[in-house]
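Let's take a walk through a protein model and see who sits next to whom. Keep the 3D view open while you read, and look up each residue as it comes along.

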Amino acid sequence: MSDRLDDLRVARYARQLLVPGMGEAAQLRLGAARVRVVGADGVAAPALVHLVQAGVGKIWVDDPEAVAPQDVGSWLHRPADVGRPRAAAAIEALGRLSGLVAVEPYPVGGVPTATLVAAPSTAQALHAAEAARRAGVPHVVLEPDADGGAVVSIPPGAPCYACARSTSAGRPPLPGAAALGALAATELILLVASPGAVPGRRFDLVRGVATVRPTVRLAGCACGAGASAPPEA
């Protein structure tokens, strides 16, 4: 990886480079990252767009389902996409947003730098989050509920998603999903760009108001093994 941004990337990310906590080193880490995004429906779409615009180097889209009517109008999917494989439709749409980011199908067995989980069911979210925990990579889980939901950030060594998840969750209407997706993508960007800066935490978004609290490990959870010595970033 180069230790300097080229002129094209400096021009593209000029405003982002001025954000406190970012800068050139952080942007380089984003550019070198491989982010697996589990889910590409209307809820995940805002997060995917946010990651592309931020300059994540490679995005692996992991979603085996087809575009549904409720996905239309979600920043990515058009009426003509209904019935198409959701990952393929998302990759095509995201590819038009930036020539500096590679957007590809998730290669089975591929090890990402970080994972964003926007899975359509709790079981799928738990499975994807546990895979990320076992791989020792930071991950963020988007948990929609009614017109808001929650975002759980899990750096290596933090309490896992099984410890921090809500006991009930549903899929929100798209306006709520847009705010939730942008928040989830921002948390993932911070985890990748500034390792160690984001603790394990949970944001709850209710009626447009976000509250944050640290996550707590459940007694006896497997994620506690070796938690005192998280892997190097």
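## Who touches whom

Setting aside residues up to four places away in sequence, Asp-204 touches Gly-149, Ala-150, Val-209, Ala-210, Thr-211 and Arg-213. Before going on, keep in mind that this is a predicted model. Asp-204 is found in strand β7, which covers residues 201-206. Is Asp-204 buried or exposed? With 16% relative accessibility, Asp-204 counts as buried, because the cut-off for buried is under 20%. The side chain of Asp-204 also makes a polar contact, at 3.1 Å, with the side chain of Arg-202.

Now for the greasy part. In soluble globular proteins, nonpolar side chains tend to be buried together. Here, the largest nonpolar core has 47 residues, and the ones with the most contacts inside it are Leu-51 and Ile-59. Which helix gives the most to this core? That's helix α8 (residues 174-193), with nine residues. There is also a second, separate core of 12 residues, which includes Val-38, Val-117, Ala-129 and Val-152.

Click on Ile-59 and look around. Leaving aside its neighbours within four places in sequence, Ile-59 is in contact with Val-35, Val-37, Leu-48, Leu-51 and Val-52 among others. Further along the chain, the contacts of Ile-59 include Val-101, Ala-102, Val-103 and Glu-104.

The buried ones are Ala-45, Pro-46, Ala-47, Leu-48, Val-49, Leu-51, Val-52 and Ala-54. Just after α4 comes Gly-55, which takes a positive phi of about 95°.

Not counting residues up to four places away in sequence, Ile-189 touches Leu-30, His-50, Leu-51, Ala-54 and Ser-194. Leu-51 and Ala-54 are also among the buried residues of α4.

With neighbours within four places left aside, Val-192 is in contact with Arg-29, Leu-30, Ala-33 and Ala-114.

For Ile-189 and Ala-164, 25 residues apart along the chain, the C-alpha atoms are separated by 20 Å.

## Charges that pair up

How many salt bridges are there? The count comes to 17. Here are three of them, with the N to O distances:

| Asp-6 | Arg-9 | 2.7 Å |

Take Asp-63 and Arg-86 from the table. Asp-63 lies in the loop between β2 (58-62) and α5 (86-95), and Arg-86 in helix α5, so the pair ties together parts that are 23 residues apart in sequence. Are these two buried or exposed? Asp-63 is buried, with a relative accessible area of 10%, and Arg-86 is buried as well, with 7%.

Glu-130 and Arg-133 have another setting. They are three residues apart in helix α6 (residues 122-135), so about one helical turn separates them. Glu-130 counts as partly exposed at 25% relative accessibility, and Arg-133 is partly exposed with 22%.

That leaves Arg-9 and Asp-6. Arg-9 counts as partly exposed at 29% relative accessibility, and Asp-6 is partly exposed with a relative accessible area of 34%.

Salt bridges can also link up: Arg-78, Asp-81, Arg-84, Glu-92 and Arg-96 are joined in a network of them.

## A look at the rings

Last stop: the aromatic rings. How many aromatic pairs does a search of the whole structure find? One. There is also a charge over a ring to look up: Arg-36 lies over the face of Tyr-106, at 4.2 Å from the ring centre.

Conventions: Residues are numbered from 1 along each chain as its sequence is written. This is a predicted model: local features need pLDDT of at least 70, side-chain atom pairs count only at pLDDT 80 or more; totals for chains, interfaces and linings use all residues. Side-chain values use heavy atoms; hydrogens and water are left out. Rings of Phe, Tyr and Trp (its six-membered ring) pair if their centres lie within 6.5 Å; planes under 30 degrees apart count as stacked, over 60 as edge-to-face and the rest as tilted. A charge sits over a ring if NZ of Lys or CZ of Arg is within 6 Å of the ring centre and within 35 degrees of the ring normal. A nonpolar core is a set of buried Ala, Val, Leu, Ile, Met, Phe, Trp, Tyr and Cys residues joined through side-chain atoms within 4.5 Å. Buried means under 20% relative accessible area, exposed over 50%, partly exposed in between (1.4 Å probe, protein chains only). Helices (H or I, at least four residues) and strands (E, at least two) are DSSP runs, numbered from the N terminus. Contact means heavy atoms within 4.5 Å. A salt bridge is a side-chain nitrogen of Lys or Arg within 4 Å of a carboxyl oxygen of Asp or Glu. A polar contact is a pair of N or O atoms within 3.5 Å; within protein, one must be able to donate a hydrogen and the other to accept it, and residues adjacent in sequence count only if both atoms are side-chain atoms.
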